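Q: I'm new to this one, could you walk me through it?
A: Gladly, here it is.

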Amino acid sequence: MAARFKAKIATPHGPRTCFEATVARDIRRELVARFGGIPLKRQKTAELTDRLTGPVYPHKELICRLAAKRCELCERPGEVEAHHVKSLNKLQQAGDASSDWAKTMVACRRKSLVIYGSCHEPH
């Protein structure tokens, strides 16, 4: 098969070897399919234009809330940290909803909260 479809074509960079299949047609010109025959030389001045392959998602909400650097309990600006619980159901069942941060998490139905370290007492 390789010997049958092997062909040499003239390119601006000199003759190149490729695989070529042609189909003769009645009135119209023949169909030619080529594989290969391109120079594998580095193009130093080539401009790359990469297309995005998948969907582009905006910044996640937690990242935006952390970037705002504002406590979600007392609304003071400054250095904050994210507090995260595994499940809101366990937070409600354990009875930890007595603290301000737990009440806020349950009310907003959020598993994470951006707060000051001083606003969060250890449990």
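What follows is a short chat about a predicted model.

Q: Which residues make up the largest nonpolar core?
A: In this predicted model, the largest nonpolar core has 12 residues, and these are Cys71, Val80, Val85, Leu88, Leu91, Trp101, Ala102, Met105, Leu113, Val114, Ile115 and Tyr116.

Q: And which helices and strands each supply at least two residues of this core?
A: Helix α3 (88-93), helix α4 (100-108) and strand β5 (112-115) each supply at least two of its residues.

Q: Let's stay with α4 then, which of its residues are buried?
A: The buried residues of α4 are Trp101, Ala102 and Met105. Seen down the helix axis, the buried residues of α4 fall within an arc of 100°, so they line one face of the helix.

Q: Why would residues a few places apart end up on one side?
A: An α-helix has 3.6 residues a turn, so residues three or four places apart point the same way.

Q: What do the buried residues of α4 pack against?
A: They pack against strand β4 (81-84), as well as against α3 and β5.

Q: Which exposed residues does the face turned away from the buried side of α4 carry?
A: That face of α4 carries the exposed residues Asp100 and Ala107.

Q: What about the backbone just after α4?
A: Just after α4, arginine 109 takes a positive phi of about 55°.

Q: Changing topic, where does threonine 11 lie?
A: Threonine 11 lies in strand β1, which spans residues 6-11. A polar atom of the threonine 11 side chain lies 2.4 Å from the backbone oxygen of glycine 14.

How values were computed. Residues numbered from 1 in each chain as written. Predicted model: local features only at pLDDT ≥ 70, side-chain atom pairs only at ≥ 80, totals over all residues. Heavy atoms only, no water. Core = buried A, V, L, I, M, F, W, Y, C linked by side-chain atoms within 4.5 Å. Buried < 20%, exposed > 50% of the residue type's maximum accessible area, 1.4 Å probe, protein only. Helix = DSSP H or I, 4+ residues; strand = E, 2+ residues; numbered from the N terminus. Arc of directions from axis to C-beta. Contact = heavy atoms within 4.5 Å. Polar contact = N/O pair within 3.5 Å; in protein donor to acceptor, adjacent residues only side chain to side chain.
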